[in-house]
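Please look over the model shown below before reading on.

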Amino acid sequence: MKTPNRPQLTPYQMGEQLKILEITAPAQAQMPLHYATSDAVVMVQKGKAVLQIDGQEHILVVGTCLLIPAQKLHALQIVEDFHAFAVMTQQASIEFD
């Protein structure tokens, strides 16, 4: 069985204090449990995904803007081809559980 692709995270813009990452993924891609070392704001531009955090599912669709607290484990399942931006501190990293 083929393992689904992970979403691609690409630096989009870097400032002195903040950075913007572009997130793109085809339908059926998955991002396993992970966390950011700073708060992250995710803004959805295209598609649909399900974000699981604290036992709750959040449906991410065009126009969704969601704050994910620092160090909070979460997973992402892409339902439809997906495009979003994530804003976090410049020094933040994404770590996998």
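How do the residues of the lining of the largest cavity divide into nonpolar, polar and charged? They divide into 17 nonpolar, two polar and no charged residues, where Ala, Val, Leu, Ile, Met, Phe, Trp, Tyr, Cys and Pro count as nonpolar, Asp, Glu, Lys and Arg as charged, and the others, Gly among them, as polar. This is a predicted model, in which local features need pLDDT of at least 70 and side-chain atom pairs count only at pLDDT 80 or more, while totals for chains, interfaces and linings use all residues. Residues are numbered from 1 along each chain as its sequence is written, and side-chain values use heavy atoms, with hydrogens and water left out.

**The cavity**
- The structure holds one cavity of 30 Å³ or more, a cavity being a set of points on a 1 Å grid over the protein atoms alone where a 1.4 Å probe fits but cannot get out.
- The space in the largest cavity comes to about 220 Å³, a volume being the space filled by probe spheres set on grid points that are joined across faces, edges and corners.
- Its lining consists of 19 residues, of which Ile23, His34, Val42, Ile68 and His74 lie nearest the centre; lining residues have an atom within 4 Å of a point.
- At least two lining residues come from each of β2 (18-25), β3, β4, β6 (65-68) and β7 (74-89), and β7 supplies the largest share, five residues; strands are DSSP runs (E, at least two residues) numbered from the N terminus.

**The nonpolar core**
- Among the 22 residues of the largest nonpolar core, Leu51, Leu60, Leu76, Ile78, Phe82 and Met88 touch the most other members; such a core is a set of buried Ala, Val, Leu, Ile, Met, Phe, Trp, Tyr and Cys residues joined through side-chain atoms within 4.5 Å, and buried means under 20% relative accessible area with a 1.4 Å probe, protein chains only.
- The elements that give two or more residues to this core are β2, β3, β4, β6 and β7.
- Leaving out residues up to four places away in sequence, Leu60 touches Val44, Gly47, Lys48, Ala49, Leu51, Leu66, Leu76 and Phe82, contact meaning heavy atoms within 4.5 Å.

**Two buried loop residues**
- Ser38, in the loop between β3 (30-36) and β4 (40-53), is buried with a relative accessible area of 7%.
- A polar atom of the Ser38 side chain lies 3.2 Å from the backbone nitrogen of Thr89.
- Beyond its neighbours within four places in sequence, Ser38 is in contact with Ile68, Ala70, Met88, Thr89 and Ala92.
- Ala29 lies in the loop between β2 and β3 and is buried, with a relative accessible area of 1%.

How values were computed. Helix = DSSP H or I, 4+ residues; strand = E, 2+ residues; numbered from the N terminus. Buried < 20%, exposed > 50% of the residue type's maximum accessible area, 1.4 Å probe, protein only. Polar contact = N/O pair within 3.5 Å; in protein donor to acceptor, adjacent residues only side chain to side chain. 1 Å grid on protein atoms, 1.4 Å probe; cavity = no way out; pocket = protein on both sides within 12 Å on 5 of 7 lines; lining within 4 Å.
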